[in-house]
Amino acid sequence: MFSAVGAASLLSKSASARKAESHDDEVRKLNDDGKPADGTQFITPVVAHGGLIYIAGQGAHDSGPASSWDIGAHTKTVMDKVKKLVETGGSNMDNVVQLSVFLAKIDDYDGMNKVFKTYFPHGGPARTTVAVAALPGNSLVEVNCIAALPKK
């Protein structure tokens with residue numbers, strides 16, 4: 001037989017476990033600072049759901065002349081933004097499980113990879129890289145990703 005205290009303890013734990021699970025089922029939209037998005041953004045930079053965070057595509061947004069654009073510099077800028085948003089969302093680069101990389105020129109593949117691998121010293125995630133006709137924001141590369149949230 002359970003005592004009243006024992007039964008209450010079991011019920012209490014069950015309720016808190018359900019509450020934690022339901023939090024994973026919520027879609028949480030976050031701004032660049034990790035605070036709840038205010039709903040006015042056209043694109044939300046970080047969305048958390050089901051133990052994963054989704055990072056919107058990040059570009060270099062180079063304001064210099066096209067002749068000065070460099071794939072190494074653009075990749076570093078983009079990956080720094082991705083890293084910041086992954087951390088803002090509550091994870092880290094070791095927990096990135098998938099990336100999509102879009103290159104304005106496939107000839108930049110090796111230059112992008114040279115910088116890219118420095119962000120994943122413990123092995124990279126699953127990744128798709130494609131060349132596209134053009135990218136917004138004067139960027140040679142754009143990256144979006146999915147990262148797992150660590151268990152608390």
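Which residue is the bridge partner of Leu103 in E6? The partner is Val141, and that pairing is a handy way into this fold. What you're looking at is a predicted model, where local features need pLDDT of at least 70, side-chain atom pairs count only at pLDDT 80 or more, and totals for chains, interfaces and linings use all residues. Residues are numbered from 1 along each chain as its sequence is written, and side-chain values use heavy atoms, with hydrogens and water left out.

**Overall layout**

- The protein chain has 3 helices and 6 strands, where helices (H or I, at least four residues) and strands (E, at least two) are DSSP runs numbered from the N terminus.
- Reading from the N terminus on, the elements go α-β-β-β-α-β-α-β-β.
- Of the 152 residues in the protein chain, 31% are buried (buried means under 20% relative accessible area, exposed over 50%, partly exposed in between, with a 1.4 Å probe and protein chains only).
- Take the contacts (heavy atoms within 4.5 Å) with a separation of 6 or more: 70% of them come from residues 24 or more positions apart.

**Confidence**

- Mean pLDDT (the predictor's confidence in each residue, from 0 to 100) is 87 for the protein chain, and 84% of its residues reach 70 or more.
- Residues 7-22 are where pLDDT is below 50, and this stretch has 2 contacts in the model beyond near neighbours in sequence.

**Strand E4 and its partners**

- Strand E4 (residues 96-103) runs antiparallel to strand E6 (residues 141-148), and 7 bridges join them; two strands pair if DSSP finds at least two bridges between them.
- E4 also runs parallel to strand E5 (residues 126-131), this time with 6 bridges.
- Over in E5, Arg127 is the bridge partner of Leu99, while Leu103 stands opposite Ala131.
- To get from E4 to E5 the chain goes through helix H3 (residues 109-116), and this β-α-β crossover is right-handed (with the strands pointing away from the viewer, the path from the first strand over the helix to the second runs clockwise).

**Helix H2**

- Helix H2 (residues 71-88) has 18 residues, so at 1.5 Å a residue it should span 26 Å, and its end C-alpha atoms agree with that at 25 Å apart; the expected span is 1.5 Å times one less than the number of residues.
- The buried residues of H2 are Ile71, Gly72, His74, Thr75, Val78, Met79, Val82, Leu85 and Val86.
- Looking down the axis of H2, those buried residues fall within an arc of 160 degrees, so they line one face of the helix (the arc is that of the directions from the helix axis to the C-beta atoms).
- The cover over the buried residues of H2 includes strand E2 (46-49), strand E3 (52-59), E4, H3 and E6.

**Two loop residues with positive phi**

- His61 isn't a glycine, yet its phi is positive at about 50 degrees.
- His61 sits in the loop between E3 and H2 and is exposed, with a relative accessible area of 52%.
- Asn138, also a residue other than glycine, has a positive phi near 50 degrees.
- Its place is in the loop between E5 and E6, and Asn138 is partly exposed, with a relative accessible area of 39%.
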